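Hi everyone, thanks for coming. Please have a look at the model on the screen, and then I'll walk you through it in a few stops.

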Amino acid sequence: MKRPAFRVFLNLLFALTIVIPCCVAASAQSAPAPNPQLASKELNARVEALLKQMTLDEKIGQLVQYSAGFATGPGASNLHYDELVTKGQLGSMLNVTGVEATNHYQHIAMEKSRLHIPILFGLDVIHGHRTTFPVPLALAASWDPSAAETVARVGATEARADGIAWVFSPMVDIARDPRWGRIIESSGEDPYLGSAMARAWVKGYQQDDLSKPDSAAVSVKHFAAYGGAIAGRDYNAVDMGEITLRQVYLEPYRAAVEAGAATMMSSFNSINGVPATANPFTLNQILRKEWGFDGFVVSDWGAVSELINHSIGDGPTVARKALEAGVEMDMEGNLYGTVLAGQVRSGKIHESVVDEAVRRVLRVKFALGLFDHPYAPESPAYDATPERRAVARKVAGETLVLLKNDPVEGLGDLLPLTAKAKKVALIGPLADNQREMLGAWAVKGDPKYVVTLKTALAERLGNRLLYAPGCEMLSGEDANVLKQVSFGGADSAHASLPLPDDAKTIVEAVETARKADVTILALGESADWMEGEASSRATLGFTGAQEQLLEAVVATGKPVILVVLAGRPLELKWAANHVPAILEAWSPGVEAGHAVADVLFGDVNPSGKLPASLPRAVGQEPLYYAQLPTGRPAHGDLSRLPRNAGEKFMSRYMDEENSALFPFGWGLSYTRFRYDQPAISRAEVPVSEVLASGHKPVATVGVDVKNTGKVAGTEVVQLYIRNTSASVEQPVRELKGFARVSLAPGETKHLDFPLGFDELNFYNVEIQRTIEPTTYKIWVGGSSLATAETSLKVVE
Ligand code: BGC
């Protein structure tokens with residue numbers, strides 16, 4: 001279906017993504033910035049008028065949400081939804097999608113229920129809806145918030161056309177441990193990058209105006225600190241000091257709230273012993289009192305009833321604790337709908353607590369315009385239009401990270417591929433797998449629209465392309481485990497996993513590689529089986545026989561390009577030592593093959609940078625660049641010296657280096673960039689001036705960046721600081737500015753990064769954000785290893 005207005009809009013987004021999106025803008029201090037729509041007097045007058053007419057049961061109905069479609073958690077209720085909606089006892093549904101299904105329930109709500117309150121339909125729209133874009137971790141690798149905004153915009157537009165006005169996105173959890181499968185849904189390890197992406201996601205979905213017919217309310221998740229799960233095991237407890245909680249983990253949620261986020265989702269984990277879904281400190285004190293949040297909080301799937309497992313009470317008690325802490329809606333929990341009324345009638349919960357919760361839910365429904373326009377438009381749903389595919393291809397191109405590109409005899413730099421490579425072999429279980437390219441969480445992404453790498457390379461190379469799958473994604477042992485945890489029972493795809501005959505297929509792959517000048521290996525991790533929720537891993541290698549395949553193909557002596565397709569940082573140590581070129585391609589979405597081929601052939605010069613450190617060994621996890629200092633630093637700030645340097649009694653491993661294999665911010669290009677010495681606009685600044693500066697800069701760091709190579713390229717220029725003397729120890733480096741800058745060959749551009757309170761503050765032991773006299777070291781460069789240095793002194 002042609003939609004001219006949408007096309008104009010997409011063109012605009014295209015334009016936006018080529019303008020340098022300088023993300024050095026400050027995040028706000030702690031002034032509450034409620035979403036003006038949710039705070040509007042007229043809207044709240046409508047809420048109050050309606051609230052007055054509601055019975056207790058109808059009020060509680062607004063706090064209940066059930067999944068009436070597929071399940072995205074354990075078990076799913078199978079209730080008489082029509083009846084509940086008619087009685088006004090079901091205010092929200094999830095996993096019901098499409099015009100027909102959503103309108104079915106909405107007609108009942110609007111025509112048969114006493115007060116005609118529309119249902120709010122929610123869904124996991126994570127990285128696009130029908131058009132599947134790269135996974136969020138990949139989008140963070142673009143370091144281009146406008147790319148996330150574009151993805152959110154397309155996702156919201158497509159979701160609204162499917163009757164969904166509420167998306168369970170963005171996930172803004174800081175993820176510093178790739179054993180945790182949900183790192184794929186995150187923006188990685190860094191709060192500054194994570195906050196920039198969080199703001200962009202919210203803007204893209206909500207457009208600063210929830211009432212637009214193509215806006216969707218966000219649900220920022222999972223509040224709070226879900227990514228800090230001990231040992232990277234999903235749903236596990238989180239135990240961390242308040243300074244780290246606030247300075248690192250809470251920052252992206254705060255950014256999202258300040259950007260106007262309409263709803264939040266409470267998380268499954270406990271935080272320092274108090275479950276996040278009944279945590280008055282995070283939900284009430286921080287979210288509402290400090291940040292001024294006017295929207296509502298929905299629990300994660302079943303998280304209210306799971307409070308019983310957290311051992312904080314029986315059903316009625318945990319329902320009361322969750323509601324009183326500030327969880328307004330019970331997702332698939334079966335508790336608010338069954339026990340809250342009794343708690344109110346017996347005087348255990350004051351009805352005003354229920355009223356306040358209902359207000360918050362109704363506010364969002366009014367702000368979305370659902371009372372006036374409750375139905376999904378009767379237009380056919382659209383799948384992956386050419387216009388959106390073009391956007392998906394462009395965005396995916398920005399997310400690929402060139403980890404390594406060493407010259408090879410006779411061919412020079414292995415990438416980009418040139419005509420010198422006459423025959424090209426494509427090998428690997430991810431070379432031609434449509435489903436896997438969509439990532440772990442593409443509810444409505446249809447694999448049949450996916451262009452695989454094999455298809456894309458065949459378009460370019462014709463019969464110069466040779467192909468062999470090499471092996472299966474999983475070993476027989478993996479397959480057996482997965483059958484046990486299978487979602488869909490005996491009929492599910494898990495149950496029919498092919499039992500591999502890897503020994504035979506690896507021999508075939510080696511023969512294929514021998515016939516070619518260059519081999520592209522497409523290896524990684526199964527998004528379908530190994531990534532996303534409930535997919536923690538204790539190892540981080542390639543799954544199944546892929547490592548054997550890699551080693552066997554490298555043993556042919558033919559040059560190998562490794563394309564890694566995975567939703568988490570994998571352990572690539574052997575590959576990094578033996579393979580000349582490595583491209584991290586994540587799960588690239590519907591245009592996977594085209595986007596990867598664009599980079600392999602140099603039509604797109606890679607510009608992605610790692611949003612999370614790649615480890616040498618899983619035992620280093622959680623591994624992140626912004627570590628706190630120790631009294632016995634092993635090898636300087638970033639521990640880059642080899643492990644045999646230095647002495648024994650240092651903070652180090654005996655059997656491995658401390659540093660990342662590929663660090664945060666790392667990513668190569670087909671050209672080279674030169675950084676001049678950065679210059680600070682002033683050498684000193686008084687503490688009082690920084691404290692009074694609000695969001696305004698007190699100094700700027702200027703730097704010239706030159707493209708010294710022969711082709712045009714885009715560099716992500718990164719600014720890091722270190723506070724060298726504070727009352728609370730500060731990380732050895734922290735990202736505090738970045739900008740994507742495109743440079744023609746020989747071109748130089750000047751960039752200015754502002755520094756002010758927002759960039760320089762930290763939490764003291766009184767949990768106040770503050771500034772103290774100190775010297776900030778400042779580095780600017782193309783990764784967290786940046787060496788071009790200046791400094792700023794903050795004086796009494
Ligand atoms: C996940 C959430 C998701 C919800 C609804 C839960 O299991 O943790 O991220 O939004 O299900 O599908």
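Let's start with a definition: helices (H or I, at least four residues) and strands (E, at least two) are DSSP runs, numbered from the N terminus. With that in hand, Ala 231 lies in the loop between E5 and H10. Phi of Ala 231 is near 65°, which is a positive value in a residue other than glycine.

A word on where this comes from: the model is predicted, so local features need pLDDT of at least 70 and side-chain atom pairs count only at pLDDT 80 or more, while totals for chains, interfaces and linings use all residues. Residues are numbered from 1 along each chain as its sequence is written, and side-chain values use heavy atoms, with hydrogens and water left out.

Let's stay with loops for a moment. Ala 224 is also found in the loop between E5 and helix H10 (242-249). A cis peptide bond joins Phe 223 to Ala 224, with omega at about 10°. Another cis peptide bond links Ser 169 and Pro 170, and here omega is about 0°. Where is Pro 170? Pro 170 sits in the loop between strand E4 (166-167) and helix H9 (191-206).

Now, the sheets. Two strands pair if DSSP finds at least two bridges between them. Ser 67 has Leu 94 in E2 as its bridge partner.

Another open sheet has 6 strands, ordered E11-E18-E17-E16-E14-E15, with mixed pairing. Strand E11 (401-405) and strand E15 (465-468) are at the edges, each with a single partner strand, so one side of each is left without a neighbour in the sheet. On average, neighbouring strands of this sheet are turned by 15° against each other, direction ignored. E11 pairs with strand E18 (residues 581-584) in the antiparallel sense over 4 bridges, and Ala 581 in E18 is the bridge partner of Asn 405. Helix H17 (residues 453-461) lies across strand E14 (424-427), E15 and strand E16 (518-524), running at about 160° to E15. Helix H19 (residues 502-514) packs on the sheet too, touching E14, E15 and E16.

Last stop, the ligand. Here 14 residues surround the ligand (a heavy atom within 4 Å), and the closest are Thr 72, Asp 124, Arg 182, His 222 and Asp 300. Let's look at polar contacts, where a pair of N or O atoms lies within 3.5 Å. An N or O atom in the side chain of Asp 300 is 2.5 Å from an oxygen atom of the ligand. For Glu 533, a polar side-chain atom lies 2.8 Å from a ligand oxygen atom, and for Lys 221 the distance is 2.9 Å.

Key:
Polar contact = N/O pair within 3.5 Å; in protein donor to acceptor, adjacent residues only side chain to side chain. Axes fitted to C-alpha atoms, helices over the stretch in contact; angles between N-to-C directions. Contact = heavy atoms within 4.5 Å.
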